[in-house]
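Work through the exercises below with the sequence and the model open beside you. Each task is followed by a solution that goes step by step.

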Amino acid sequence: MSDMNNNNMAENKNVNTEVQETEEEVLQTVTESEETVDEVAEETASEEAPKKSLIDEEEGDVLKATVVKETSAKKTKKSKKKKDDEEEAYHKPLIKRRKPNRSIAGDLFLYLFLILVAVLMFFPIIYAVESALKPLDELYKFPPRIFAQNPTLDNFSDLFVTMSKSWVSFSRYIFNTVFITGVGTAGHLIFASMAAFVLAKYDFPGGKTFFKIVTVAMMFTGYVTGIPNYIIMSKFHMIDTYWAIIIPAFAFPMGLFLMKQFMEGLPTSLIEAAKIDGANEWTVFSRIVMPNVKPAWLTMIIFSVQALWNNPASTVIYSEEMKTLPFAMQQIQAGGIARTGEAAAVLVVLMIVPIAIFIFSESQILETMASSGLKD
Amino acid sequence: MSQFLKDYIKVKKHNFRIGVKRARLSKSCYLFLAPYALIFTMFYILPVVISIVFSFTYYNILETPRFVGLQNYISLFLEDDIFLISIKNTFMIAIITGPLGYLGSFLFAWLINELPRWVRSVAVVIFYAPSIAGNCYVIFSVFFRGDAYGYVNAFLMDTGIIDTPQLWLIDPRYMLPVCMGVILWMSLGAGFLSFVAGLQGIDKAQYEAGYVDGIKNRWQELWFITLPNMKPMLMFGAVMSITQAFSVCDVTRNLCGYPSTDYAARTIVTHLFDYGFSRFEMGYACSIATILFLMMILCNKAIQSLLSRVGT
């Protein structure tokens with residue numbers, strides 16, 4: 001056997017060095033190499049049928065084939081072990097190893113407390129949704145039930161009937177709110193990201209001061225600026241137009257703050273590389289930076305939508321056909337007991353949009369909020 | 001001394017020149033900042049300035065403003081009883097709901113931090129939903145209805161705690177506590193999200209180092225490792241909850257009516273709206289706004305200096 005192996009090796013060398021060979025010699029080497037292959041196969045006990053055919057096909061390059069065979073056999077061994085490891089990782093114990101410094105009593109107590117509070121917190125929302133689904137005879141049932149027995153969508157259809165009978169058609173209210181929310185959010189996204197980009201990535205005189213002022217602006221609410229804003233808007237003839245709500249929303253300080261904090265985490269080398277490749281500031285902003293900060297977009301969008309969607313805007317808009325959905329909803333709610341079901345439907349319509357946006361973008365929002373810290 | 005002054009002026013001049021040069025070089029930066037800065041100045045900075053200026057005048061939009069000195073402030077504090085009530089209410093709400101909401105945000109963020117991933121994301125939605133649910137809090141007026149059919153009344157009467165229905169939202173004694181409860185329900189807002197995200201970002205190696213160094217229980221871990229790491233988020237959360245706590249108005253207005261019985265649920269913001277948008281006494285309203293502004297800024301600064309000592 002060892003003789004044959006030696007012979008084989010010698011022959012293989014021949015094959016490698018001399019490309020032109022007689023057919024007989026080649027046939028001999030093939031049969032020999034097949035024997036070695038069998039040996040290897042016995043050792044590793046793995047399937048080799050496809051490899052064999054491979055050798056049959058490539059008659060010339062026998063040495064290579066055997067080497068491939070050996071390494072592949074080793075590989076299958078290794079990959080098997082790896083597979084086992086992976087399976088083990090997949091079947092992780094369901095209960096994680098406890099942290100060493102936690103007491104079971106403490107865990108139990110805290111989680112019970114957490115569950116209790118979670119139920120209490122969510123109860124009003126569940127109740128609102130359920131009462132929107134209750135038919136009229138169940139709304140005033142006593143003792144009250146949380147869940148509707150015969151859930152219907154009557155309240156929602158009633159809502160549409162009431163709205164279609166109103167002076168301004170219901171679709172107009174929806175359009176107003178969607179328009180204000182859409183334009184306001186889009187403008188806010190563009191303007192605030194542009195400002196955040198230069199504040200985060202460039203050091204220029206006045207930039208830091210400006211950002212400090214923006215953080216101070218987060219500390220007082222829109223109510224403080226409400227009256228002077230009214231005066232300013234009336235000077236610009238913006239009262240009773242959509243712009244009275246939309247334009248101030250462009251400069252919502254929280255969006256700029258979150259965006260700037262998030263952009264600071266972006267590697268500066270990315271921007272430098274783009275500049276070396278000949279991009280100007282605008283290209284860097286629109287092609288490099290903006291696609292990389294999508295989580296922050298979503299966060300800006302949720303905060304902006306939340307502020308605009310629920311804005312009744314009753315102080316700056318007077319014309320009925322310009323009024324927003326929340327304002328129309330308040331009118332319905334003011335309708336009293338006969339409209340209890342519809343009022344609950346109103347609540348559901350108004351809260352579903354921000355909550356839905358939040359649920360779909362939760363992980364990205366949390367990613368952004370991780371950089372929301374305020375350094376002093 | 002004069003030499004020192006000269007040097008000082010020289011350095012300042014030099015710095016200024018460098019600043020101008022750098023500003024010239026970074027023209028594109030200003031171009032990017034310009035749209036936002038313009039709108040921000042117009043609707044966030046200018047209004048504060050205007051409100052301070054107009055607070056010293058009598059102004060009703062129709063006539064030109066007339067300078068009256070400190071008259072507005074004097075009548076606010078000495079003649080306007082309702083304003084004093086509103087200040088008292090605002091402070092009561094701010095002192096109780098502000099810290100409680102803040103601590104609650106942190107506590108719940110911290111408790112759900114160790115839950116498995118999917119449970120955590122559900123919990124975040126549950127806790128955060130009330131603050132983005134629009135005016136869903138109106139549903140509380142059903143729970144707290146004044147007759148015997150209101151759920152709270154019915155429950156308390158069945159259990160024998162009270163024997164006649166209480167007018168929760170009309171009786172001045174109960175209005176504020178009910179409103180505070182509702183505000184607390186809504187108080188897990190942006191600060192809460194910031195806490196959840198911040199807790200996720202803490203380096204696990206620090207906790208392991210903590211076990212080795214002999215941290216015995218979760219509370220020590222909280223104080224010595226978690227809180228110092230969370231300082232920036234704590235600041236952010238504080239700003240959010242102070243701002244919220246001082247600007248209560250929608251909840252009290254929608255639950256207790258506007259105006260409420262005996263002005264028992266009137267806050268500074270409702271007072272501001274009353275004078276600004278109902279009576280159009282803009283000068284007077286501006287002085288209220290200025291006081292609110294100063295209160296918020298001072299409170300924020302005070303809390304920030306307090307928080308910088310946490311976890312040491």
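Helices here are DSSP runs of H or I with at least four residues, strands are DSSP runs of E with at least two, and both are numbered from the N terminus. The model is predicted, and the exercises should be read with that in mind.

**Exercise 1. Describe the secondary structure of chain A and the confidence of its prediction.**

Step 1. Counting the runs in chain A gives 18 helices and zero strands.

Step 2. Turning to burial, 35% of the 376 residues in chain A are buried, while 74% of the contacts in chain A between residues at least 6 apart in sequence join residues at least 24 apart.

Step 3. The mean pLDDT of chain A is 74, with 70% of its residues reaching 70 or more. Over residues 1–71 of chain A, however, the pLDDT is below 50, although this stretch has 46 contacts in the model beyond near neighbours in sequence. Where pLDDT is low, the predicted coordinates should not be read in detail.

**Exercise 2. Decide whether A:Tyr223 and A:Glu342 are buried or exposed, and list what each one touches.**

Step 1. A:Tyr223 lies in helix α10 of chain A, whereas the place of A:Glu342 is in helix α17 of chain A.

Step 2. A residue is buried if 20 or more other C-beta atoms lie within 10 Å of its own. A:Tyr223 counts as buried because it has 24 C-beta neighbours inside 10 Å. A:Glu342 has 24 C-beta neighbours inside 10 Å, and therefore A:Glu342 counts as buried.

Step 3. Leaving aside residues up to four places away in sequence, A:Tyr223 touches B:Ser247, B:Cys249, B:Val269 and B:Leu272. With that exclusion, A:Glu342 touches A:Asn155, A:Asp158, A:Leu159, A:Thr162 and A:Ile332.

Step 4. For distances from C-alpha to C-alpha, A:Tyr223 and A:Ala307 are 13 Å apart in space and 84 residues apart in sequence, while A:Glu342 and A:Met329 are 9.4 Å apart in space and 13 residues apart in sequence.

**Exercise 3. Classify the crossing of α15(A) and α18(A), and name the residues that make the contact.**

Step 1. The axes of helix α15 (residues 294–309) of chain A and α18(A) come within 8 Å and cross at roughly 100°.

Step 2. Angles of 65 to 115 degrees count as roughly perpendicular, so α15(A) is roughly perpendicular to α18(A).

Step 3. From α15(A) the contact involves A:Lys294, A:Pro295, A:Ala296, A:Leu298, A:Thr299 and A:Ile302, and from α18(A) it involves A:Gln364, A:Ile365, A:Glu367, A:Thr368 and A:Met369. By class, this contact has six nonpolar, three polar and two charged residues.

**Exercise 4. Locate the two assigned domains of chain B and characterise their contact.**

Step 1. The domain assignment gives domain 1 (2–54) and domain 2 (78–307) of chain B, and the C-alpha centres of these domains lie 37 Å apart.

Step 2. Their contact takes four residues from domain 1 of chain B and six residues from domain 2 of chain B. On the side of domain 1 there are three nonpolar, one polar and no charged residues.

Conventions:
Residues numbered from 1 in each chain as written. Chains lettered and ligands numbered in written order. Predicted model: local features only at pLDDT ≥ 70, side-chain atom pairs only at ≥ 80, totals over all residues. Buried ≥ 20, exposed ≤ 12 C-beta atoms within 10 Å, placed from the backbone. Contact = placed C-beta atoms within 7 Å. Domains from an automatic or database assignment. Nonpolar A, V, L, I, M, F, W, Y, C, P; charged D, E, K, R; others polar. Axes fitted to C-alpha atoms, helices over the stretch in contact; angles between N-to-C directions. Parallel < 35°, antiparallel > 145°, perpendicular 65-115°, else oblique. pLDDT = per-residue confidence, 0-100.
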